[in-house]
Amino acid sequence: MRIRKLLCALIVAIFSLQALHFSARADEGMWPFNNVPRAEIKRKYGFDVTDAWLKKVQLASVRFNNGGSGSFVSPNGLVLTNHHIASDTLSKISTAQIDYNKIGFYAPTREKEVKAPDLELNVLMSIEDVTARVNSGVKAGMRP
């Protein structure tokens, strides 16, 4: 009898949840710097995306050679990223006595910073549409 009551309560709860209107709205996106939906951003948020602003954001964005991304947060090259991106480097600078993935790493001064072995950051300096140049090299009858 108790199982029947529990089952009935569960069914009522499921139908009640279905009756509620849940609205999931995606309001994000990833756009290349040369194809940002400026008009939509202006309409939704009242923010003018200028060429100067885009260039500043572009030059502040970095790609780590281990697959992650981040941003410059200082004029001296300080970069902010997620822990899972930094964990590879933290492992490489750790020792048998100190596990920086567990305890974290903080350099209170520039002198106490540690060089990240084999880490490379890439910055997108410019974007150029090469479609016409590539298409001009494609001749009729060429194999794919």
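Mentor: Let us begin with a definition: a residue is called buried under 20% relative accessible area, exposed over 50%, and partly exposed in between. Please keep in mind that this is a predicted model. Tryptophan 53 has a relative accessibility of 38%, so this residue counts as partly exposed.

Trainee: Which ring pairs with that of tryptophan 53, and how is such a pair described?

Mentor: In general, a pair of aromatic rings is described by the distance of the centres and the angle of the planes. The structure holds 2 aromatic pairs. In one of them, the ring centres of phenylalanine 47 and tryptophan 53 are 5.2 Å apart and the planes stand at 75 degrees, so the pair is edge-to-face. The cut-off behind this step is that planes over 60 degrees apart count as edge-to-face. Phenylalanine 47, at 34% relative accessibility, is partly exposed. Tyrosine 100 and phenylalanine 105 also form an edge-to-face pair, with 5.0 Å from centre to centre and 85 degrees between the planes. Here tyrosine 100 is buried, because its relative accessible area is 16%, whereas phenylalanine 105 is partly exposed at 32%.

Trainee: How should I read a strand, and which side chains of S1 are buried?

Mentor: One asks to which face each side chain points. In strand S1, residues 61-64, the side chains alternate.

Trainee: With which strand does S1 form a hairpin?

Mentor: Strands are read as partners, by their bridges and their direction. S1 forms a hairpin with S2, with 4 residues between the two strands. In the turn, glycine 67 has a positive phi of about 105 degrees. S1 and S2, the latter comprising residues 69-72, run antiparallel and are joined by 3 bridges; arginine 63 stands opposite serine 69. S1 also pairs with strand S4, residues 121-122, in the antiparallel sense over 2 bridges, and there phenylalanine 64 stands opposite leucine 121.

Trainee: Is glutamine 58 buried or exposed?

Mentor: Glutamine 58, which is found in helix H3, residues 51-60, counts as buried because its relative accessibility is 7%. Apart from its neighbours within four places in sequence, glutamine 58 is in contact with residues including Phe33, Val123 and Met125.

Trainee: Which residues make the nonpolar surface patch?

Mentor: The patch, of about 340 Å², is made by Val130, Val134, Val138 and Met142. Among them, valine 138 lies in the segment after helix H6 and counts as exposed because its relative accessibility is 52%.

Terms used: Residues are numbered from 1 along each chain as its sequence is written. This is a predicted model: local features need pLDDT of at least 70, side-chain atom pairs count only at pLDDT 80 or more; totals for chains, interfaces and linings use all residues. Side-chain values use heavy atoms; hydrogens and water are left out. Buried means under 20% relative accessible area, exposed over 50%, partly exposed in between (1.4 Å probe, protein chains only). Two strands pair if DSSP finds at least two bridges between them. Contact means heavy atoms within 4.5 Å. Patches are made of residues with over 30% relative accessible area and no salt bridge: like charges are joined within 9 Å, nonpolar side chains (Val, Leu, Ile, Met, Phe, Trp, Tyr) within 5 Å. Accessible areas come from the Shrake-Rupley method with a 1.4 Å probe; for residues, only the protein chains shown count as cover. A salt bridge is a side-chain nitrogen of Lys or Arg within 4 Å of a carboxyl oxygen of Asp or Glu. Rings of Phe, Tyr and Trp (its six-membered ring) pair if their centres lie within 6.5 Å; planes under 30 degrees apart count as stacked, over 60 as edge-to-face and the rest as tilted.
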